[in-house]
Structures are given as C-alpha cells and as structure tokens.
Amino acid sequence: MTTDIQNYLNDFDQLQTNDWFAKNRQSALNLFKETGFPNTRQENWKYTDVRPIARKSFSNINDQKTTVSPDNVNAIRFTDLDCIELVFINGIYSVEHSRINELPMNVVVENLADALATDNKLLEKHLSQYADNKISPFTALNTAFIQHGTYINVPDNVVIERPINLLFLSKENPSPFATHPRNLIIMGNHAQTTIIESYIGLDEANYFTNAVTEISLSENAILKHYKIQQESQRAYHIGNLNVMQNKDSKLESHSIALGGSLVRNDIHGQLADEGAEIIMNGLYMTNDKQHVDNHTRVDHLKPHTFSTENYRGVLNGNSRAVFNGKVVVHPQAQKIEAHQNNANLLLSDDAEIDTKPELEIYADDVKCSHGATVGQLDQDMLFYLRSRAIDEETARSLLTYAFADEVISKITLPEIKQRLEYLVVGQLPDAALIREFTNE
Amino acid sequence: MLKIENLHTKVDNKTILKGLNLSVEAGEVHAIMGPNGSGKSTLANVLAGRDGYEVSKGSVTYQDQDLLELAPEERAWAGVFLAFQYPVEIPGVNNVYLLKAAVNAVRKFRGEPELDAVEFLSLVKEKMKLVKMKEDLLNRSVNEGFSGGEKKRNEIFQMAVLEPKLAILDETDSGLDIDALKIVAEGVNSLRNKDRAIVLVTHYQRLLDYIKPDHVHVLSDGKIIKSGGPELALELEEKGYDWVKEAAA
Amino acid sequence: MSTNTENVEDLVRKEYEHGFVTDIDTDTVPPGLNEDIITFISRKKEEPEWLLEWRLKAYRQWLKMEDPTWAHLDIEHIDYQAISYYSAPKSKDDAPKSLDEVDPKLLETYEKLGIPLQEQKMLAGVAVDAVFDSVSVATTFKEKLADAGVIFCSFSEAVKDHPDLVKKYLGSVVPAADNFFAALNSAVFTDGSFCYIPKGVRCPMELSTYFRINASNTGQFERTLIVADEASHVSYLEGCTAPMRDENQLHAAVVELVALEDAEIKYSTVQNWYPGDENGVGGIYNFVTKRGDCRGNNSRISWTQVETGSAITWKYPSCILKGNNSIGEFYSVAVTNNHQQADTGTKMIHLGKNTRSTIISKGISARHAQNAYRGLVKISKNADNARNYTQCDSLLMGDQCGAHTFPYIEAKNSSATVEHEATTSKIGEDQLFYCMQRGIAEEDAVNMIVNGFCKEVFKELPMEFAVEAQKLLGVTLEGAVG
C-alpha cells in the first residue's frame, strides 16, 4: 500500500503551511499513512473497490492557475437564480468568477484558505470537529490537505434569503490532479439558509475530487443543502457530508449524482438533541461503466429525533450502484421515528445494484421502518401508455422519468428543480419527446 | 352504580378534568356532550383505566368499590365496558378468539364455568344479529382491514357478548353514515335494560335521535356545567355550546 | 401498566422447564482436538477410510481459519481444546435391538421432554430419530418407512448401510471447509440423521429428530443430510433442548438438504436449547450451518424455524435456487430474552430462471437481549424473472434490549424484482389496553399479541409443532412487558 500513498506524502511536505492548523494536518496525514486506502474486506467498502484511485498518481498541487472563460462559467451557473456564488477551478478559489455580495450583517462567506490565514477562534472551535478522520481515510486525506473551500458562518437569527452556490469546476490538466475541497458551515440559533454544492467537470478531464463538508446546526437552525454532482465521465469523486444537529434543528439534504466514473458519497447525520430532524433525498442515475456508491448513517442520540430517507436509483449500461443506509438508535433515545426507503430501477441486464438498508436499535419506544426494492417499470402502466398510442420506448422513458422525479419533485427551489429535471431527462433516451410531455 | 366526585385528571401534566361530578344509576342512559377538547374522551379513558391519565383529586366509586384502584382488566371483569372511539387493529389475533378469551375471563371472575366452543359460538351467532355483523369479520384479525363502520359495529357486538353492567360509548357515532348509525343505535337500544347503565359520550346530538337518553350533561373545560333531560340535547343542537357556557359563566 | 410491575418481575424469572440432567454412564473422550481424536471418533464409528480422510482434510482447513467476528454478537472466547468431542451412552456398545433394550432412564428422559419415543405413545405419523448427545439412540417407524422406500436412519448407520448415497451427497451443499463452524463439524461430527426419499415418493409421515445435549463439557456436532430425489416430498421436524448448566456448551451442527427436480423439502425447527440464566450465565452456543440446494427444476425448499433458546444463536438457513422455477422459503421467529443474543436470517441465492423466494422474519427482543436479522438476497446475472419478497419485523419489550436488521440485496438482472420491508416498534400499548379493557390479563394480552405478530410463521409449522412453539413463546416471554 505504501507505494499507493507515496505521492500524497511527497505533496504534503511541499504544501504544509505553518498556520495554527498545521498540527491537525500532520496528524490526519499520519492517520492516513497508517490506514492507507480502504479495501473491500472492510464492511463499509464491501462493494466499492477504490484501487483505481489508489493506483493512480494524482498531483495534489494545483498552483498553475487554470483559467476558465466567463462564458464557460456562465453556461454552468444558475443564471436565473439570484444567489451568492463561490467558484473554484481545479480546487483553487477564483476571485474573478465568484460573486459574494449583499450579505446580511455579520454573515461570513469566504474562501476557507483566507479564513485559515487569520486568527479565527470560531473556526478553531468547529473545523475538523464533525468529520471524523478515523471513520474514512479519505476524510483524513482531505484534512491533511485542507486549504481552499468555503467557510460560512450564519449568526443567530439571521435568515439568508438568497441561496449560496458553491461551484467546483474541474478542467483538463496536463497531468491527473486531486483536489480536496473543504467546506465548513456554521449556523447559529434560528439561522436559516440554502446551500448548493455543485461539482462539475468541464470536459473529459481526468481528476479526483475528495470533498468534505462539515455542518454545525445550532438550536432551531434550518439548512437546505443540495449536492449536484456532474463530474466528468473519467473523474473520481469521493464526498463526505457530516452534520451535527442541535435541538429542533433541521437539515434537508438533496443529493443528486449524475456524473463521475467512480463515485462515493457519505452522509453522516448526528441528531444530538431533542427535536432534531434530518431529511435525506437522493437520486443516482448511472450508465456505461459508472460506479456510484451512496452511504448514509444517522445517529439518533437523543429522544424525539426524526429521520426520513428516500433514495432512488436508475441504472443502465454496465453500471453498478451501491446503497447503504444505516440508522442507529442509541440507548435512551426513546420516541424517535426513522423511516428509510431505497428504490432501484434496473434498465440493463449488465447493471448491478447492491443495497443494504440497516437498522440498529438500542431503545424500545421507537417507530422505525425501512424498505428496499429492485425492479423494473410497472407493466400495467407501460401497457396503459402504449394503449394510448405512445410507443414503447417513449413510454419506458416517460415512466423512468416519473420514477426519478419522485426525488426531484421534493426540491422546493424552482430553479434547481428545473435544472435537475432537465438534466435527468437528458440522461434518458428520447429526451426531446419526454420534454414535450413533461413541460406541460 | 357509578359515582364520580370532584374528579381532576392530568394528561401529560396538563389538567383536563377539573372537578367533574356525575352519578349514574342502573337502568339509566346518560349522554355526555361537549365541544372538542372539553375532556369527554379523557373521562372515558379514566373510567376504563388507561395508562397516562393521572387522577390528581377526587374519586370514582363503582358498585361500592373504588374503581380507580382496579387494573383495566379488573374493571372489565367487574362489568365496565368501553367502546373505543378508535378501536385499534391487532394483526394476527383472531376477533373471535379475543372475544372467547374475554368472555371466559369474565365468567371465571364471576365463578361461572367457562363456555365451550359450541356454547360460545351459539352466543356469538345470536349477538351478531343485533348489529348485523357480517360473519367473515368474525374470523378476521381484530379490527384489521375493517371499515370505520365495521369497527364501531364490532365494538357494540363485543358489548352485546360481554354483557357489561356499565357501558361507556366513546364517540361511537363519529365517522358513521346514517345507515350505520341506525344499526349501531338499534344494537345499543336492544341492550338497554334495568340492570345496565349506559354512558354515551358524544359531540353530536344526532346519535340521541336514535338512542333516547334519560339524562343529558354538558361537559365544558373539564366540568359538567349543565344537566337536564333529553330536551337539553335539542337545545344544544339549536343554540350551540357557547350558549350553555355563557349561561354557566 | 405501572400497577403490575411487581408480579411481572416474578413472572420473568420463570425457570427453564427442560433443565434436568439424566444420570447415566457416558463413554466420553478427554477434552481436546487433534488428529488422534478425529481418528478415534472415526474408528469408534467403524467408518470407511475416505470419510476419515474427509474429516482430517476438514480439520486441517479448520486449523487455518479464524472464528467469524462479523456477526452482531458478543461471544466470549471459546477454548476448542477444552471441549470433549465424543460422548456416547455406554449401552451403545451392545446396541439396543428394540425399545425394550433401551436404557429406561433414557426413555424417561424423552418422556420428560415430552417426546413420544415409544411407539404406542407416538403422535400418529411422526417418526423420531433421537440424538442423545452425540449418538443416535433409537429410530422408530423404520419399517413403515422402509415399505415406502424411504431411508431414515442415524448418520452412522447411513455410512455403513448406504455409503454410496452418503459419499455422493455429503459436503455437496455445505463443503467441508465452508466456514469455521462447518469445518469444525466436518472434522468431528459424531452423528445425526440421514434421510433419502426415492423418486416420486411422498414420505408417508412427518420425520422428526429430537436433539439433546446432556453430558457437561461436550459439544454437539451432529450432521443431517436429506436428499429428496425427483418428484419426492418430505416434511422434516427438528427439536432441541439441553439441560441447565453454568458453563456454556457448544452446538455446531451442519444440515444439508438436496432437492432434485420437482422435489420438495419442508424443514421445521423448534430450538429451545438452554438459554442461560437471567444473568446470562451458561447456555448453549448454537452455531449452525444449514443450507438447502434446489438442484433440480421446479424444486422447493422451505425452512421454518422458531428459535427461543440458546445463549447465542448464529444461524442462517439458506437456499441455493439453482433449478429453474425453484422456490426457497424462510419463515423465522427468533425470541431473545434476558441476556440472549441472536444473529440469524437467511441467504437466498437465485441462480436459475423464474426462481422465487420469500422471507418472513419476526424478531422479538426483551430485557437485555440483542436480536439481529441478517439476510442476503442475491440475484445472479442469469436469474431471469427472479422474485424475492422479504418482510422483517421486530418487536421490542423493555428499554435495554436491541433489535437490528442487516439485509443485503445484490441484484444483477434487470428482470428481477426484490422487495424488502422492515419495521421495528414497541409492543403496542393501545393493543394491550384494548385487550385488557376486554378483561384479558396483561400477561395473556402480551401472549396474544405476540402470537398474532408471529402468526405468519407459525402457520407454516406442522400442527403439533405450532402448538409447542406458541407455548414456548409464552414461557420465554412471560411478563417481559412491564
């Protein structure tokens, strides 16, 4: 394994800075050095083999400023969405393309690298507190390379109306590169906001995104979080979302995975006080040789906490998807409710789904359920459409769209919803026809 | 038969009944009416002994014994029957089986011999006619997949089989269409006799068109604020609850 | 219902009804495991050379293996050298020719267990092959079965009388080194049952084996092999008990089922090994490998289990659905109380076309017990139109217990339909209150509701077993709600 990680060790020595976080970086690297990349003998990685990532020698140093024209960025932006926007190109924050303006009083939205350069007590208190380096070697690796990313602090009682869009663009480089974006979102009591993380490959670039997002929600804070992953077809994407939820706080997470060749998303929610609620919606659409793995874990640590999860997958080509949803109800966490569902549509005989919803319950006064299905399109519905003169292929596309739209339709931000509906349709055969049907 | 004196009851630390007095004699039918949230269902549940209803003050005497001392099943053995507002579904437990166990538990308490299968079935067949129960409901799991009307009919059917001394009918009319209401009411009327007391807890006057009460009480904010004969129900229907509240205030 | 808590406490302490020890001489080898012991067992049983070789090969593989740790179980270290691997009632040396010659004390034991071994007391149509510790003691109804062409005998007899059949099928479903416990069993198994149903025969009666661990410090390693030839049908029952002892005892059995074309095997288990006392001292470690192979087209294997005993249960009765249109079923009730732990479930491996499987699992956990369902549904690439339906429900009684669900679904065929549903909840207070309002005592109400919860599984059991299972459930859980 040592050869696999050698380039990371070398790059680390070059990048290590002398700020207050240096010690944490070093210990995270040591941890990574010890464990190396995970393997399929580990239960958490049973169905996902990361050797393609481990074998490749990525450069972690992206100082040669890759540039992207404003037109290129505009093509990707939510042009019709009035938002605060931070743009990163190959992992490096771009002042030129970012638009941080009209922030409410005392709200901080900035590049994490800038925040790290200052003496910031709040940052020290929260950074690397919620994402556990011990749980995933990739998180440890990210922590070792923390530099660019987003630091957001929404103080008590502040409601930010405009969504914050974090745009991570990746573009072909002479040599394969790795980026380790790190985002820290701190929400005060009764604070409220919407954050979008978009990961987009501009061309057939060959790279590895290793992102970690940490979220702390204080009492009654409400965060809507969207993750839209459209990495290039050759890219590797590992994403970790970790949230610590206080009393009566609410996280609504929507995770849409469309791109990437080898993708792993982890969400870890900790419901640390009464009334905390997490909602997780997810959609993965895979094709060709894509491999997309979604792992979620919710810890109900206190009574009267709630979790709901609904993930759906549409698998085509030779692709493979993995779902693992775990709910842990800790001792004394009575009167909790946890509901979880994973539904999959297999469109091709060469596609594979491995799904495992798990419940681990150590309290008795609970209402928990989970379900998982693997199946095809409903034959009756198909027949109905065809008897109404719709050809079979279109009917199939339409029903597939309807299946995926169960997740998309839960998105409340119309601009994102439209964009996603457009993207989802784009993945289906007969896209143009479907657009006619659905645009009524 | 039943004497409730100055009853105070808390649910989740909130006081719902605040000094309720009521006296019911054998052979009487009492209707307790009141707006939503007045404490009607709380009263029914306290009398049946449901967990979570804390009596902070007052007493309930039933046939010269302290009813509040008894466990729910002991109350049932002593002849107290509650027809539930929302009868619960119990998957896998056969309706007839539950009833047979219940009948024999009561008989055992009374020192009577348990009924064998044949005796029990003839009793069941006879009582089913009272509420026009469909036979297939008997062999289904308790209330599982029953319509709202079927559940309520099943309650009255159980009452007929168990022959209680004091029957408390909690919102038995809610959710019933007029035909179902008539059937249920007929069933209840046929069970009226000089030894049995019936307490109807209801929000609507409608039920009282079919089951004529001897006494009508208005429950408001945890107390009975007005009592009278059947004419009181009609008056309520006409003028609404606010009228009594104002009069009492 | 707070008023009842005191008597509830007493009720929970209900003692294990089957905890008596039979005092007869046993012929037991000293504890320890090595090639000599295995050779001793094999020689003692006058086995052919190939079987000794098979055992030794398994043993050598086992030496290289480690105890599995993936289950959701807290297992104390087991010293495999402290276990005695052979224990036979002395009277075996001059084997009984008829029941009259069987040690009366032994018969008494069976009667205490309620096993009707003597023919006149038999429940009509049940043939019993009773395994006492390690050696099969007596088999009844042999003649009637022989008329139908059914072979039903102890494994040792089968090795002697039907070596070709044994050699052909032994280890063909569960290979000798399949897993740690199966390898151990393959090396040291002492006896068990063998059953062969010839082509086209519908076995005229339910076959039954009753297992019992008696001697202390012994492990029980029985091996069952059932082969249902083309278009045959058999229903097989297995019951287990063990006396109360302070130390843990190991039970590592292997059961192999083979169903050829159009054949059907129904295998039912009521497991009531000693669970240990209320503080978790003693009890059986029940580490069992059970697997059925639907080898032929249109074959069907159905597992039904009611697991109320054992300190630790580790078992996953599985079906390999090789034949087209074959059907696998798993119906399970697992009850854990006090400090019992169970990690149980099934594997349904769909290989053939149009294969179907159903999994119904009911877990009940009370007191400090931990109960896990672990299952795998695998749809391989060629299993066109495979169907699976899984329903896993857990009922919790008491705030110290745990209920866990770990279902694995692996699907590689686009025409497959897999449905998994699971729920976990507390025993319904509304349901309890409703029953009590109708005059039913709390304990009976709990029984009634729990039995209702398990009904889908109980209805799969043959009548006599269903009644026993319901009683066992009542005994195991009495007063567990407080």
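Tutor: Buried here means under 20% relative accessible area. Keep in mind that this is a predicted model.

Student: OK. Are A:Phe12 and A:Phe145 buried or exposed?

Tutor: Both A:Phe12 and A:Phe145 are buried.

Student: How many aromatic pairs does the structure hold over all chains?

Tutor: There are 35. One of them is edge-to-face: the ring centres of A:Phe12 and A:Phe145 are 6.0 Å apart and the planes stand at 90 degrees, and over 60 degrees counts as edge-to-face.

Student: Where do A:Phe12 and A:Phe145 lie in chain A?

Tutor: A:Phe12 is in helix 1 (residues 2-15), while A:Phe145 is in the loop between helix 7 (137-144) and strand 4 (149-154), so the pair ties together parts 133 residues apart in sequence.

Student: And A:Phe168 with A:Tyr199, what kind of pair is that?

Tutor: Stacked, at 4.7 Å centre to centre with 10 degrees between the planes. A:Phe168 belongs to strand 5 (residues 164-170) and A:Tyr199 to strand 8 (residues 192-201), 31 residues apart.

Student: What are the relative accessible areas of A:Phe168 and A:Tyr199?

Tutor: A:Phe168 has 5% and A:Tyr199 has 1%, so both are buried by the under-20% cut-off.

Student: Switching to charges. Which residue lies over the face of A:Phe403?

Tutor: A:Arg312, at 4.4 Å from the ring centre. In chain C, C:Arg55 lies over the face of C:Phe189, at 4.1 Å from the ring centre.

Student: Which residues form the aromatic cluster with C:Trp62?

Tutor: Among them are C:Tyr59, C:Trp70, C:Phe180, C:Phe181 and C:Trp314.

Terms used. Residues are numbered from 1 along each chain as its sequence is written. Chains are lettered from A and ligands numbered from 1 in the order in which they are written. This is a predicted model: local features need pLDDT of at least 70, side-chain atom pairs count only at pLDDT 80 or more; totals for chains, interfaces and linings use all residues. Side-chain values use heavy atoms; hydrogens and water are left out. Rings of Phe, Tyr and Trp (its six-membered ring) pair if their centres lie within 6.5 Å; planes under 30 degrees apart count as stacked, over 60 as edge-to-face and the rest as tilted. Helices (H or I, at least four residues) and strands (E, at least two) are DSSP runs, numbered from the N terminus. Buried means under 20% relative accessible area, exposed over 50%, partly exposed in between (1.4 Å probe, protein chains only). A charge sits over a ring if NZ of Lys or CZ of Arg is within 6 Å of the ring centre and within 35 degrees of the ring normal.
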